[in-house]
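Subject: Structure handover and notes

Hello,

Please find the structure below. My notes on what was found in it follow after that.

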Amino acid sequence: MNKYFSILLCGLFLLSSSLIAQEKEPSNYNYNDAFGHDFYSKNGTATRSASGKPGHAYWQNSADYSIDVNLNETTKEISGSETITYTNNSPDALDFLWMQLDQNLFKLDSRGKAIVPLRGSRNGDKGQDFDGGYGINTIKLIYNKGRRSTEVNTTYTIVDTRMKVNLPTALEANGGTVGIKIDFSFTSPDYGSDRMGVLETKNGRIFTLAQWYPRMSVYDDVSGWNTLPYLGAGEFYLEYGTFDVNITAPATHLVVCSGALLNPSEVYTAEQQNRLKTAEASDATVMIRSESEVTQPSSRPSNTATLTWKFRIENARDVAWASSASFILDAARINLPSGKKTIAMSAYPVESVGEDAWTRSTEYTKASIEHYSEKWLEYPYPAAINVAGNEGGMEYPGIVFCNFESKTERLWGVTDHEFGHIWFPMIVGSNERLHAWMDEGFNTFINSLSTAAFNNGEYEEPKSNMHRMSSVFVNDRLEPIYTSPDNLKERNLGILAYYKPGTGLVLLREQILGPERFDEAFTAYIDRWAYKHPTPDDFFRTMENVSGEDLRWFWRSWFINSWKLDQAVTEVKYVKNDPTQGAIITIENLEKMPMPVVIEIKTKSGTVTRKTLPVEIWKRNVSWSFKVDTTEELSRVVIDPDFALPDSNTKNNKWKSTDGTASVEILTDYLGDYTAPGFPMKVTAVEANGILELHLEGEEPLPLESEGNGEFSVGEAGIKVQFNAEKTGFKLDLGGQVFEFTKS
């Protein structure tokens with residue numbers, strides 16, 4: 001008998017809860033979708049710990065480059081020879097090697113050119129009548145044994161922007177090395193997919209050279225060889241190593257490049273060398289070659305037609321350079337937290353001069369590098385160089401290219417953004433080809449902090465109204481952030497790679513974890529994965545482990561899916577209809593994204609208080625009621641009063657006294673213990689926040705809805721309770737089976 005009633009009541013109680021929820025405004029929220037525990041698809045491994053750290057057996061391969069290159073200013077041809085020393089630290093013997101030939105994007109028959117739409121694109125060569133790509137004749141392998149070096153010709157296969165290099169014998173695991181010697185040449189496009197190009201100025205062409213040499217593909221523990229083609233939108237994934245680069249250019253040119261200049265006495269005049277020494281000790285910008293000197297032959301060594309500039313950068317994943325006779329050059333010291341110094345430099349044409357323009361570039365560069373070094377991790381390279389070119393903005397280790405026409409806050413913004421990329425992805429070496437948000441989005445986030453800090457907030461932007469921004473971040477035309485850039489509509493890349501993930505980190509920092517816990521976890525992520533190859537899981541796990549928060553609901557909502565947020569104030573009523581005894585406020589989550597809640601409550605006399613509720617209220621609820629201890633009537637209740645969350649429907653965020661309060665039936669006379677013949681247990685009627693509940697031993701409380709005149713029900717669950725006029729008993733109708741209870 002007891003077992004029968006237990007099963008019956010349990011089923012009816014579950015049904016009643018479901019029906020109560022259905023009677024309210026329909027909600028799309030499913031708390032199991034948001035908080036389900038199956039977020040991570042695999043456990044930790046020997047190479048990647050479940051805590052988000054590199055595993056105890058983490059490995060990655062390396063590539064060191066020695067490159068000699070020549071620039072032909074007239075034909076725009078770049079020709080050179082490189083020797084790559086590739087080290088296989090993986091546990092796998094490698095039968096072949098894959099390399100990246102990014103310049104092949106500009107061949108007429110490239111895949112990237114084939115997918116440019118008729119309306120045009122920022123990816124590619126912007127319709128230039130141009131057939132680019134690499135010229136490669138032979139590839140030799142170099143094997144070293146002791147002091148002896150042997151060169152061997154090998155075969156190779158070029159497939160669009162990739163090249164497979166065959167090995168006569170497999171490259172040994174756990175430290176095997178091989179040299180790859182390649183002679184290469186290409187003609188630079190004028191506009192190289194907004195990453196490189198040739199800018200015409202009145203004092204000569206500016207060459208900004210990137211993706212200019214054949215580069216090793218990454219072999220990792222996630223995908224093996226990473227061989228996605230370069231189509232233009234997806235950026236890069238590269239190994240770390242040391243670069244020794246010798247650049248031969250016309251003697252009239254100034255050349256700047258990633259890393260340290262090793263032979264300044266051979267390429268600068270004596271006066272320029274002295275000015276550089278002054279700049280290395282100066283916090284103010286020092287002119288190395290001024291606007292008036294650009295056209296003076298005496299500003300360049302004149303005893304030779306060409307000069308060779310020698311550069312070296314260590315622990316870098318790439319190298320880029322720029323060359324022009326038109327460059328103005330200035331510099332200033334960068335002060336690093338450890339006490340070390342590096343140098344900020346700017347190279348730009350006379351067209352870019354101006355106190356509202358590039359004359360402040362070195363000031364911006366210095367401030368940006370100093371901020372990020374203090375906030376996150378110290379800048380690692382010998383110089384930070386900003387170059388004016390025809391790119392919108394593009395980043396490389398130690399050097400960036402920014403648009404020559406940028407001014408004021410636009411120049412600050414692009415300079416700060418491109419140098420922010422030193423941390424993501426130049427230091428923290430994520431796979432940009434797959435996960436643009438892990439470099440662009442993270443960088444956009446740290447840019448918001450650096451901009452607020454720069455020059456007492458000179459360019460600080462006001463806080464966004466996130467209610468208005470929700471239509472930008474979450475709409476049916478957008479793919480999820482997690483989508484790879486080559487799979488995004490080009491118009492959506494700016495939102496989904498930059499602004500939405502950047503805003504997501506702001507939300508995580510300001511609204512969920514708080515700045516202290518967020519900064520600790522984010523710094524740990526940078527420290528753990530500096531000069532390594534993190535995946536999204538490594539980031540997610542690090543943030544959770546270091547902060548101590550389960551954030552799977554947030555990753556699902558904002559990054560993996562494109563869920564909406566809609567929090568609503570649905571009801572306000574007073575305890576026993578008496579404002580002096582407090583108010584009960586009901587809120588609901590109507591869309592798929594949960595978030596913590598901030599409620600602002602204003603009384604008739606003008607007193608304003610706030611109540612904060614954790615995201616856990618949504619772990620098993622669509623609707624949530626809570627009591628506010630107040631002694632007077634309320635005039636207004638507002639959810640998310642600061643417009644800090646991306647709520648997609650502001651109309652239901654506010655309750656005003658003119659909306660009226662819900663009437664509460666006085667329940668005192670109904671309360672007490674009741675028994676009934678044939679019913680196996682005592683039933684207790686209690687009041688909980690203005691609702692009459694029946695409590696049975698060992699069962700969940702059964703909430704009742706008042707129908708008036710002593711009648712209560714649980715909607716369509718088939719449960720009815722009718723009290724007698726004296727409130728000394730009631731009839732309980734369980735789906736047609738009636739029990740008569742009396743108060744004991």
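Helices (H or I, at least four residues) and strands (E, at least two) are DSSP runs, numbered from the N terminus. This is a predicted model, in which local features need pLDDT of at least 70 and side-chain atom pairs count only at pLDDT 80 or more, while totals for chains, interfaces and linings use all residues. Residues are numbered from 1 along each chain as its sequence is written, and side-chain values use heavy atoms, with hydrogens and water left out.

**Backbone points**

Thr-408 is found in helix α7 (residues 408-420). Its phi is near 40°, which is a positive value in a residue other than glycine. For accessibility, buried means under 20% relative accessible area, exposed means over 50%, and partly exposed is in between (1.4 Å probe, protein chains only). Thr-408 has a relative accessible area of 28%, so Thr-408 is partly exposed.

Lys-727 also has a positive phi without being glycine, near 60°. Lys-727 sits in the loop between β39 (719-723) and β40 (729-734). Its relative accessibility is 23%, so Lys-727 counts as partly exposed.

The peptide bond from Phe-424 to Pro-425 is cis, with omega near 20°. Pro-425 belongs to helix α8 (residues 422-427).

**The chain as a whole**

The chain has 14 helices and 41 strands. Its C-alpha atoms fill a box of roughly 115 × 60 × 50 Å, taken along the principal axes. Of its 744 residues, 55% count as buried. Contact means heavy atoms within 4.5 Å. Among contacts between residues at least 6 apart in sequence, 71% join residues at least 24 apart.

The accessible surface of the chain comes to about 31000 Å², and 47% of this belongs to carbon and sulfur atoms. Accessible areas come from the Shrake-Rupley method with a 1.4 Å probe; for residues, only the protein chains shown count as cover.

**Buried places**

Which residues of helix α14 are buried? They are Arg-552, Trp-553, Phe-554, Trp-555, Arg-556, Ser-557, Trp-558 and Phe-559. Because eight of the nine residues of α14 (residues 552-560) are buried, this helix is largely enclosed by the rest of the structure. The buried residues of α14 pack against α2 (31-35), α10, α11 and α13 (536-547).

Val-615 lies in the loop between β29 (608-613) and β30 (623-628). With a relative accessible area of 7%, Val-615 is buried. Leaving aside neighbours within four places in sequence, Val-615 is in contact with Phe-35, Trp-553, Pro-594, Met-595 and Pro-596. Val-615 and Pro-594 are 21 residues apart along the chain, and their C-alpha atoms are separated by 6.6 Å.

Thr-248 is part of strand β15 (residues 241-250). Its relative accessibility is 17%, so Thr-248 counts as buried. Not counting residues up to four places away in sequence, Thr-248 touches Val-69, Asn-70, Leu-71, Thr-306, Leu-307 and Thr-308.

**Charges**

Side chains of opposite charge can pair when their charged atoms come close. A salt bridge is a side-chain nitrogen of Lys or Arg within 4 Å of a carboxyl oxygen of Asp or Glu. By this rule the count comes to 35 salt bridges.

One of them joins Arg-215 and Asp-318, with the closest N and O atoms 2.7 Å apart. This pair links distant parts of the chain: Arg-215 is in strand β12 (residues 215-216) and Asp-318 in the loop between β19 (306-316) and β20 (321-324), 103 residues apart. Both Arg-215 and Asp-318 are buried.

Another salt bridge is formed by Glu-293 and Arg-275, whose closest N and O atoms are 2.9 Å apart. Here Glu-293 is in the loop between β18 (286-289) and β19, and Arg-275 is in helix α5 (residues 270-279), 18 residues apart. Glu-293 is buried, with a relative accessible area of 16%.

Arg-119, Arg-477, Lys-489 and Arg-491 form a positive surface patch. Patches are made of residues with over 30% relative accessible area and no salt bridge: like charges are joined within 9 Å, nonpolar side chains (Val, Leu, Ile, Met, Phe, Trp, Tyr) within 5 Å. Lys and Arg count as positive and Asp and Glu as negative, while His and the chain ends are not counted. The place of a charge is taken as NZ of Lys, CZ of Arg, CG of Asp or CD of Glu. Arg-477 is in the loop between α10 (466-473) and α11 (493-513). At 60% relative accessibility, Arg-477 counts as exposed.

Regards
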